[in-house]
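Hello,

Here is the structure we talked about. Please look it over, then read my notes below.

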Amino acid sequence: MARIRERGGTIAVDPVPYPPRGRAALAADREGATFGIWEGRVLAGWRIGGGAAPARLELHTRDALDAAVFYGEYLEWAADGGSGCCEVSYEQDQVVL
């Protein structure tokens, strides 16, 4: 929550518990795009790339580079010691992960 606020985002709904698996919150980036956050366990047997998991997500925004900076810093995509989850590139006015 602090990283979102520090980067100019807002928290719409503070974390609420979803027993027994975890908790969730709703936030908005600097442009007002809303997104959800989940912390906790996943369903037994769930695997990345399995089932009906999304293969592509898009954010339509006026400033893709600013959005990439916001989410990159918030999610620590490129930070030293970060999750290293993604390769990030800027192609044809789009940020691609």
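Which residue forms a salt bridge with R3? R3 pairs with E76, and their closest N and O atoms are 3.7 Å apart. A salt bridge here is a side-chain nitrogen of Lys or Arg within 4 Å of a carboxyl oxygen of Asp or Glu. The R3 and E76 pair links distant parts of the chain, 73 residues apart. R3 sits in helix α1 (residues 2-6), and E76 lies in the loop between α2 (64-75) and β4 (89-91). Helices (H or I, at least four residues) and strands (E, at least two) are DSSP runs, numbered from the N terminus.

Before going on, the ground rules. This is a predicted model, in which local features need pLDDT of at least 70, side-chain atom pairs count only at pLDDT 80 or more, and totals for chains, interfaces and linings use all residues. Residues are numbered from 1 along each chain as its sequence is written, and side-chain values use heavy atoms, with hydrogens and water left out.

**Salt bridges**

The count comes to seven salt bridges. R3 is partly exposed, at 33% relative accessibility. E76 is partly exposed too, at 31%. The cut-offs are under 20% relative accessible area for buried, over 50% for exposed, and partly exposed in between (1.4 Å probe, protein chains only).

R5 and D14 also meet in a salt bridge, at 3.5 Å from N to O. R5 is partly exposed at 46%. D14 is partly exposed at 47%.

E6 and R7 form another, at 3.2 Å from N to O. E6 counts as exposed, with 60% relative accessibility. Salt bridges link E6, R7 and E73 in a network.

**Around R7**

R7 lies in the loop between α1 and β1. Its side chain reaches the backbone oxygen of R3 at 3.1 Å. The R7 side chain also makes a polar contact with the side chain of E6, at 3.2 Å. A polar contact is a pair of N or O atoms within 3.5 Å; within protein, one must be able to donate a hydrogen and the other to accept it, and residues adjacent in sequence count only if both atoms are side-chain atoms. Leaving out residues up to four places away in sequence, R7 touches R30, F70, E73 and Y74. Touching means heavy atoms within 4.5 Å.

**The sheet**

Three strands form an open sheet in the order β1-β2-β3, with antiparallel pairing. The edge strands, β1 and β3 (34-40), each pair on one side only. Two strands pair if DSSP finds at least two bridges between them. β1 (residues 10-18) and β2 (residues 22-28) pair over six bridges. A hairpin of three residues joins β1 to β2.

**Aromatic rings**

There are six aromatic pairs. The rings of F35 and Y71 are edge-to-face, because their centres are 5.4 Å apart and their planes are at 70°. F35 is in strand β3 and Y71 in helix α2, 36 residues apart. F35 is buried at 16%, and Y71 is buried at 12%.

The rings of F70 and Y74 are stacked, with centres 6.5 Å apart and planes at 25°. Rings of Phe, Tyr and Trp (its six-membered ring) pair if their centres lie within 6.5 Å; planes under 30 degrees apart count as stacked, over 60 as edge-to-face and the rest as tilted. F70 and Y74 are four residues apart in helix α2, so about one helical turn separates them. F70 is buried at 1%, and Y74 is buried at 10%. Ring pairs join F35, F70, Y71 and Y74 into a cluster.

Best regards
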